[in-house]
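Subject: Structure handover

Hello,

Here is the structure for you to look over. My notes follow below it.

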Amino acid sequence: MADVHGVTFTRAVSMSRHALVVDARLYPYFDLPGLSRPSVFRLFEDLSCRYLHAPIDLRPPRDQSARWQRRQSVREAMARVVGQDGVPGRSSTIVLVNRIPEVDVLDETLRGVFGDGEHVWKVQPHDALVLTGNGG
């Protein structure tokens, strides 16, 4: 997320209209060019977004064993944060990450997490913002 300009971040969050912002980064800083922590939280408040800092390990796994462990831990973390009600569109969420490889890990771990074999989670990168949605 360090490569994102504050204007890009603000525009992406404003246009997405998601009700939940999950900050998966270990260190949730917002000192980006053109942005400050108070202005980010004011933006979330203005948009009625709930902000939740929930660090999730999204480092790319080194082997198959680590891949399965990472998959399980990410699924459990996202289920705790977003919920498991399975109602389409209700869990539409923005997930903040540091780097694009973390987007790939998030996408891989959430494939087929809910539903009868269908891909219910959709991960759509927007620069270093990852827009995810359960359903819809």
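A nonpolar core here means a set of buried Ala, Val, Leu, Ile, Met, Phe, Trp, Tyr and Cys residues joined through side-chain atoms within 4.5 Å. Buried means under 20% relative accessible area. Please keep in mind that this is a predicted model.

The cores come first. The largest nonpolar core has 18 residues. Those with the most contacts inside it are I56, L58, M78, V95 and L106. Strand 1 (20-23), helix 3 (64-82) and helix 4 (100-110) each give two or more residues to this core. Helix 3 supplies the largest share, 5 residues. There is also a second, separate core of 15 residues, and V21, L32, L43 and C49 are among them.

Next, helix 4. Its buried residues include E102, V103, V105, L106, T109 and L110. These lie on the same side of helix 4, because they cover an arc of only 165° around the axis.

Then the largest pocket. About 160 Å³ of space lies in it. Its lining consists of A24, R25, L26, P55, I56, D57, L58, R59, N98, R99 and E102. By class, that lining has 5 nonpolar, 1 polar and 5 charged residues.

Last, the chain overall. The protein chain has 4 helices and 5 strands. Read along the sequence, they follow the pattern α-β-α-β-α-β-α-β-β. Of the 136 residues in the protein chain, 45% are buried. Among contacts between residues at least 6 apart in sequence, 72% join residues at least 24 apart.

Best wishes

Notes:
Residues numbered from 1 in each chain as written. Predicted model: local features only at pLDDT ≥ 70, side-chain atom pairs only at ≥ 80, totals over all residues. Heavy atoms only, no water. Buried < 20%, exposed > 50% of the residue type's maximum accessible area, 1.4 Å probe, protein only. Arc of directions from axis to C-beta. 1 Å grid on protein atoms, 1.4 Å probe; cavity = no way out; pocket = protein on both sides within 12 Å on 5 of 7 lines; lining within 4 Å. Points joined across faces, edges and corners; volume = space filled by probe spheres on them. Nonpolar A, V, L, I, M, F, W, Y, C, P; charged D, E, K, R; others polar. Contact = heavy atoms within 4.5 Å.
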